[in-house]
Amino acid sequence: MEHHSKPLGTYKIFLIGFMGSGKSAISDYLCRNYGMEKIEMDQLISEREGMPITEIFARHGEAYFRNLETALLVELRDKENAVISCGGGTPMRENNVAEMKKHGKVVLLTASPQTIYDRVKNSHERPLLEGHMDVAFISNLMEQRREKYEAAADLVIQTDGKDQAAICKELTGQLMEWEKQTCRQ
Ligand code: S3P
């Protein structure tokens, strides 16, 4: 891909999607190619708390972690020219979704349960999948989340069988198209 300094303008892009949908990889790619700031919510929360996400869940519980996510979204409100890679559960709270939609473009990355499983099967960084690392569990949790993911999304990019360059090309193309349409309204 050619290097463009700022084709995405002052966008703030929220990448959402199931664990292993490629949010981190795609945000890396976008930031490398478009000079945008990269913000990984999980990583930032983990750094600030001084422990991995699994330990935050184990010590303080999921609700504590969810509150940190919500507070972080509010804190990031005024960021511009940034790609924010959300945790897989961030769009489950309605107020998080309202916050994201108000201040940026929400892009949903999707993949089939089998693809997700192949990408995350060797990881132990996801407390919700520990002890449930199988396609059926992933598929079930994905179904439970589907409606909220789709309702949150301004754009949906299906990632199965595509490489990062193709996904980013689709994403930027759709964003430009979306922008044109909203300008015309
Ligand atoms: C979660 C996804 C994780 C992390 C936490 C909870 C979820 O992020 O925020 O383990 O509820 O889906 P990734 O989607 O980056 O794995």
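Predicted model: local features only at pLDDT ≥ 70, side-chain atom pairs only at ≥ 80, totals over all residues.
I call a residue near a molecule if one of its heavy atoms lies within 4 Å of that molecule. I looked up the ligand's surroundings and found 13 residues, the closest being K23, D42, R66, R126 and R145. Sorted by class, this shell has 5 nonpolar, 3 polar and 5 charged residues (Ala, Val, Leu, Ile, Met, Phe, Trp, Tyr, Cys and Pro count as nonpolar, Asp, Glu, Lys and Arg as charged, and the others, Gly among them, as polar).

**Polar contacts.** I then checked for pairs of N or O atoms within 3.5 Å. A side-chain N or O atom of R66 is 2.6 Å from a ligand oxygen. R145 also puts a polar side-chain atom 2.6 Å from an oxygen of the ligand. With G88, a backbone N or O atom lies 2.9 Å from a ligand oxygen. Taken alone, the ligand exposes 390 Å², and the protein buries 94% of that (Shrake-Rupley method, 1.4 Å probe).

**Aromatic rings.** How many aromatic pairs does the whole structure hold? My search found 1. F57 and F65 form this tilted pair, 5.1 Å centre to centre with 45° between the planes (centres within 6.5 Å make a pair; planes under 30 degrees apart are stacked, over 60 edge-to-face, the rest tilted). Both F57 and F65 are buried, meaning under 20% relative accessible area with a 1.4 Å probe, protein chains only.

Definitions and conventions. Residues numbered from 1 in each chain as written. Heavy atoms only, no water. Phe/Tyr/Trp six-rings, centres within 6.5 Å; stacked < 30°, edge-to-face > 60°. Buried < 20%, exposed > 50% of the residue type's maximum accessible area, 1.4 Å probe, protein only. Polar contact = N/O pair within 3.5 Å; in protein donor to acceptor, adjacent residues only side chain to side chain.
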